[in-house]
Amino acid sequence: MTSLMKKMMRMNRSEPLLTDLDSIARIAEYERQENEDFTRWLKEAGESVDATVMRLQADIAPQISCTDCGNCCRSLIIHVEPTDIPPLAQRLDLSVDDFTARYLEKGIGNDAVISQVPCHFLAGNWCTVYEDRFSACRSFPHLDVPGFSKRAFALIQQVGRCPIVFNVIKVLKSETGFR
Ligand code: SF4
Ligand code: SF4
């Protein structure tokens with residue numbers, strides 16, 4: 001491991017946030033076992049961590065530019081709610097059926113998901129349908145939703161992908177005394 005990587009892994013809240021996607025992916029891979037252990041620790045901590053996660057998300061998310069990143073749009077299969085479809089279909093001057101046939105498919109449990117990764121609507125790092133984007137896109141990475149510890153396993157899968165999640169989890173480990 002390089003000295004730079006060691007320095008980044010020791011980062012606490014007083015240090016700059018890390019946003020470089022390659023570095024984040026490498027560190028997340030290196031810390032895979034630690035993050036699995038943290039997931040189990042969080043399950044036992046239960047709802048007591050919700051307030052801390054929400055505070056960290058409120059502090060960290062505004063400091064990270066999603067338009068400089070776009071990594072979730074490039075790498076995730078997006079779940080689509082039925083209510084997401086009409087506004088987007090109207091925006092693109094398509095019927096709901098035509099929109100569904102062109103952009104969606106059935107995922108696990110028969111729910112609708114986008115049929116292409118990266119997302120059809122991503123141009124560079126920009127969402128071309130931003131005002132009418134899917135509800136899952138609006139709420140990702142879901143750190144301001146109560147019940148964090150119950151969703152910790154799924155969320156920690158995003159540590160190596162999302163700079164917001166990476167930095168929140170990094171500081172959360174420090175603040176909870178896990179590390
Ligand atoms: S609809 Fe927009 S925000 Fe959602 S995944 Fe596609 S490009 Fe990203
Ligand atoms: S939510 Fe995370 S992965 Fe998605 S664009 Fe913003 S920082 Fe990047």
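**Entry 1: the whole chain**

I began with burial and noted that 24% of the 179 residues in the protein are buried. I took a residue as buried if 20 or more other C-beta atoms lie within 10 Å of its own, as exposed if 12 or fewer do, and as partly exposed in between, with C-beta atoms placed from the backbone. This is a predicted model, where local features need pLDDT of at least 70, side-chain atom pairs count only at pLDDT 80 or more, and totals for chains, interfaces and linings use all residues. Residues are numbered from 1 along each chain as its sequence is written, while chains are lettered from A and ligands numbered from 1 in the order in which they are written.

I looked up the extent next: the C-alpha trace spans about 55 × 35 × 25 Å along its principal axes. I found 10 helices and five strands; helices (H or I, at least four residues) and strands (E, at least two) are DSSP runs, numbered from the N terminus. Of the contacts with a separation of 6 or more, 70% are between residues 24 or more positions apart. Here a contact needs two C-beta atoms, placed from the backbone, within 7 Å.

**Entry 2: domains**

I noted domain 1 as 23-70 + 142-176 and domain 2 as 77-117 + 128-133. These bounds come from an automatic or database domain assignment. The C-alpha centres of the two domains lie 28 Å apart.

**Entry 3: helix 4**

Which residues of helix 4 are buried? I listed Val53, Leu56, Gln57 and Ile60. They cover an arc of only 100° around the axis, so they are on the same side of helix 4; the arc is that of the directions from the helix axis to the C-beta atoms. Ala51 and Ala58, on the other side of helix 4, are exposed. Helix 10 is included in what covers the buried residues.

I then took Val53, which is in helix 4 (residues 50-60). Val53 counts as buried because it has 24 C-beta neighbours inside 10 Å. Leaving aside neighbours within four places in sequence, Val53 is in contact with Leu143, Phe148, Val168 and Leu172.

**Entry 4: Ile156**

Ile156 lies in helix 9 (residues 152-156). I found 19 C-beta neighbours inside 10 Å, so Ile156 counts as partly exposed. Not counting residues up to four places away in sequence, Ile156 touches Asn35, Phe38, Thr39 and Ile169. Ile156 and Ile60 are 96 residues apart along the chain, and their C-alpha atoms are separated by 16 Å.

I looked up an open sheet of three strands, in the order 1-3-2, with antiparallel pairing. Strand 1 (79-80) and strand 2 (104-106) stand at the edges with a single partner strand each, so one side of each has no neighbour in the sheet. Two strands pair if DSSP finds at least two bridges between them. Strand 2 pairs with strand 3 (residues 112-114) over three bridges. Leu104 stands opposite Ile114 in strand 3.

**Entry 5: the ligands**

Around ligand 1 I listed residues including Cys73, Cys119, Cys127, Arg133 and Cys137; a residue is near a molecule if its C-beta atom, placed from the backbone, lies within 6 Å of it. The shell has nine nonpolar, no polar and one charged residues. Ala, Val, Leu, Ile, Met, Phe, Trp, Tyr, Cys and Pro count as nonpolar, Asp, Glu, Lys and Arg as charged, and the others, Gly among them, as polar.

Around ligand 2 I noted, among others, Cys66, Cys69, Cys72, Arg161 and Cys162. That shell divides into nine nonpolar, two polar and one charged. Helix 5 (71-75) and helix 10 (163-176) each supply at least two of its residues.
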